[in-house]
Amino acid sequence: MGAATICGKLRPPGGNGNPIALVTGRRILFGLFRFLLLIAAASPSCGFAARGAGAGDSLHNFTSSLYSITSIGQKTLFAVGESGTIVYTRDAGEHWFASESMSGVASDLFAIAFADALHGYAVGRDGAFTKTADGGKKWKPAKPPAKQSMSDIFFVNNSTGWIVGFDGLILKTADGGASWKAQKSATKKPLSSVYFVNPSAGFAVGGGGTILRTSNGGTSWETVNSGVTNFLYSVSFANKTTGWVVGGYGSVLKTTDGGTTWERQNVIPGTRIFQTATYLYSADFRYAPRGIIVGSEGAILRTLNGGEQIDRLEVPTTDVLRGVRFVDAKRGWAVGGEGSILFTSDGGEHWNIQSNIQFP
């Protein structure tokens, strides 16, 4: 089945509430609650609607939530999700294949990353950990480097990578993922995203507006003032000085000094109030000044000027979107609830549903 041809259009930033109207304590608790929903076990109504379906079944019969997406080169992409689901394409989305047993684990997988074209890892709930050594053809569960939930994994090169998770967890590998060692994060708050601009300079973000920074590869981490208490879900950098963080209640923060200070973006003019209360779960600014942010209720936000103006797009879904990945300045994918996969070939101006998932 081919991709649908429904396209998104620009519309002004919108919101569904005023984050300032909530008292600080309630905002923190609600932000943590939203994050814990990601960790919670899938309900019976989620998962595969037609287990054991044959090849040719479409996205409409595939309802497992997808939490993260990554790429190997220009055409090969992998997404992971609930109950150990792995979805993949090797032809830039012309055909997608899904399997709930490919990963070898039954727990939710929250993130996936490759150290090189062959070696990849997926991490998730309660220590879920699986790996591949052949470019994703076969996956094998491995001894988890931590017992708690791991929410993100990132490789800065083919040998060096990090994992972050609950209880302030930070792990580092220097041998391509063969072994992992704990680093002291100086926080017990859950960490949701990690990003390194080079082997020395990196960032981790998470609960209560947490932003951590290291300049020595994680030997030591320092807390940076974010100016918010909302849960922060994703961090992305364009270069060593310029980066963005997004999170709960429409939070969009930008740094231009390597993470020393952060300024709010997407605010109501003349105020510090964010334009929207929509939860923003993932961002890709690697091709800045163009940037794409995805979130709840099918939210896709786009900027063409580094966040000075952020527009919300109309897209053909209202499902929550959890992950976004671009392989170049034009082509990108967003994934989320109910097996949603959206594709753009024009830098995010229009998005199509890719409804061609098959069960191998």
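1. Phi of Tyr249 is near 55°, a positive value in a residue other than glycine. Tyr249 sits in the loop between strand E19 (243-247) and strand E20 (252-255). Strands (E, at least two residues) and helices (H or I, at least four) are DSSP runs, numbered from the N terminus.

2. Before going on, please keep in mind that this is a predicted model, in which local features need pLDDT of at least 70 and side-chain atom pairs count only at pLDDT 80 or more, while totals for chains, interfaces and linings use all residues. Residues are numbered from 1 along each chain as its sequence is written, and side-chain values use heavy atoms, leaving out hydrogens and water.

3. Ala92 also deserves a look. Its phi is positive, about 60°, although Ala92 is not a glycine. You will find Ala92 in the loop between strand E4 (86-89) and strand E5 (96-99), and Ala92 is buried, with a relative accessible area of 15%.

4. A cis peptide bond is worth checking too: the bond from Ala288 to Pro289 is cis, with omega near 15°. Pro289 belongs to the loop between strand E22 (280-284) and strand E23 (291-295).

5. Now to strand E7 (residues 120-124), where five of its five residues are buried. Gly120, Ala122 and Gly124 point one way from E7, and Tyr121 and Val123 the other way. On one side, strand E6 (residues 109-114) is joined to E7 by five bridges and runs antiparallel; two strands pair if DSSP finds at least two bridges between them. Ala113 stands opposite Tyr121, and a hairpin of five residues leads from E6 to E7.

6. E7 has a further partner in strand E8 (residues 129-132), joined to E7 by four bridges in the antiparallel sense. Here the bridge partner of Gly120 is Thr132. The hairpin of E7 and E8 has four residues between the strands, and in this hairpin Asp126 takes a positive phi near 50°.

7. Further along, four strands form an open antiparallel sheet in the order E10-E11-E12-E13. Its edge strands, E10 (150-155) and E13 (181-182), each pair on one side only. Strand E11 (residues 161-165) and strand E12 (residues 170-173) pair over four bridges, with Trp162 opposite Lys172.

8. The largest nonpolar core has 23 residues, and Ile211, Val245, Leu253 and Trp262 touch the most other members. Such a core is a set of buried Ala, Val, Leu, Ile, Met, Phe, Trp, Tyr and Cys residues joined through side-chain atoms within 4.5 Å. E11, strand E14 (191-196), strand E15 (202-206), strand E16 (210-214) and strand E18 (232-237) each give two or more residues to this core, and E14 gives the largest share, four residues.

9. Which residues does Ile211 touch? Leaving aside residues up to four places away in sequence, the contacts of Ile211 include Val224, Leu232, Val245, Leu253 and Trp262, and also Glu222, Thr223 and Ser226. Contact means heavy atoms within 4.5 Å.

10. As general background, nonpolar side chains tend to be buried together in soluble globular proteins.

Key:
Buried means under 20% relative accessible area, exposed over 50%, partly exposed in between (1.4 Å probe, protein chains only).
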